[in-house]
Amino acid sequence: MASLSEFQRKKLGYIYHVFYDVNNDGVVDWQDFSCALEKIAALNKWGEDNPKRKHALECLELVWKGLKTYADENSDDEISKDEWFKMWSDCADKVLANKEFPYWLSSYMGFMFDAADTSGDNVIDKDEFRTAYTSFGLTAETCDSAFDKFSENGKVALTKDTYSKLWHEFFLSNDKDAKGNFLFGAIA
């Protein structure tokens with residue numbers, strides 16, 4: 001089992017609280033994904049019958065199934081923070097060796113990109129980033145500052161490829177200066 005650095009634990013703890021434990025009850029469960037879907041559907045104006053909403057639901061169900069399989073050690077349909085860290089310790093070596101995330105995390109990456117790309121042009125601009133991430137509780141100032149850092153003040157477009165690179169940096173890098181560290185705002 002790989003050991004997570006203190007910095008990696010800080011990043012993973014941050015994303016656990018902000019983007020996974022959406023209802024802030026201290027654990028990650030299906031309700032968090034349901035809440036995230038409602039936020040993103042409202043942001044994108046996806047009605048109940050919208051195909052994008054249905055696709056997002058399928059994606060989140062896949063993510064939840066993967067999380068339960070790999071992290072829910074006591075099968076209580078909740079992922080505690082300890083289970084979260086253990087899962088990341090267990091999969092870190094595999095991810096680094098393959099440079100590929102588990103299928104469920106790759107699906108979540110696609111969901112997060114599509115959710116923020118409200119224009120559907122395959123590029124997330126600063127306004128889209130701010131709007132999407134403030135719906136998860138980040139301040140507009142935090143979003144703007146983070147966007148400026150990883151986009152080099154707008155010089156680098158946030159395409160799916162760039163997003164994927166930053167996603168990998170966030171989850172895998174131990175470099176405190178990596179641009180990917182800002183993909184989800186500022187790490188407190």
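Select Cys143 first: in this predicted model, its relative accessibility is 0%, so Cys143 counts as buried. Cys143 takes part in no disulfide. The nearest cysteine sulfur belongs to Cys35, 17 Å away.

Go to Cys35 next. Is this residue buried, partly exposed or exposed? Cys35 counts as partly exposed because its relative accessibility is 26%. Now display the sulfur of Cys35 and that of Cys59, the closest cysteine sulfur to it. The two are 16 Å apart, which is too far for a bond; a disulfide would need the sulfur atoms within 2.5 Å. For the structure as a whole, the disulfide count is 0.

Now select two helices, α2 at residues 30-44 and α3 at residues 51-71. Their axes come within 10 Å and cross at roughly 155 degrees. Angles over 145 degrees count as roughly antiparallel, and α2 and α3 are therefore roughly antiparallel to each other. The crossing of α2 past α3 is right-handed.

Which residues make the contact between these helices? Show side chains for the following selections:

- On α2: Trp30, Phe33, Leu37, Glu38 and Ala41.
- On α3: Arg53, Ala56, Leu57, Leu60, Glu61, Val63, Trp64 and Leu67.

Colour this set by residue class. The contact of α2 with α3 then shows 10 nonpolar residues and 3 charged ones, with no polar residues.

Methods. Residues numbered from 1 in each chain as written. Predicted model: local features only at pLDDT ≥ 70, side-chain atom pairs only at ≥ 80, totals over all residues. Heavy atoms only, no water. Buried < 20%, exposed > 50% of the residue type's maximum accessible area, 1.4 Å probe, protein only. Axes fitted to C-alpha atoms, helices over the stretch in contact; angles between N-to-C directions. Helix = DSSP H or I, 4+ residues; strand = E, 2+ residues; numbered from the N terminus. Parallel < 35°, antiparallel > 145°, perpendicular 65-115°, else oblique. Left-handed = near helix turned anticlockwise from the far one by under 90°. Contact = heavy atoms within 4.5 Å. Nonpolar A, V, L, I, M, F, W, Y, C, P; charged D, E, K, R; others polar.
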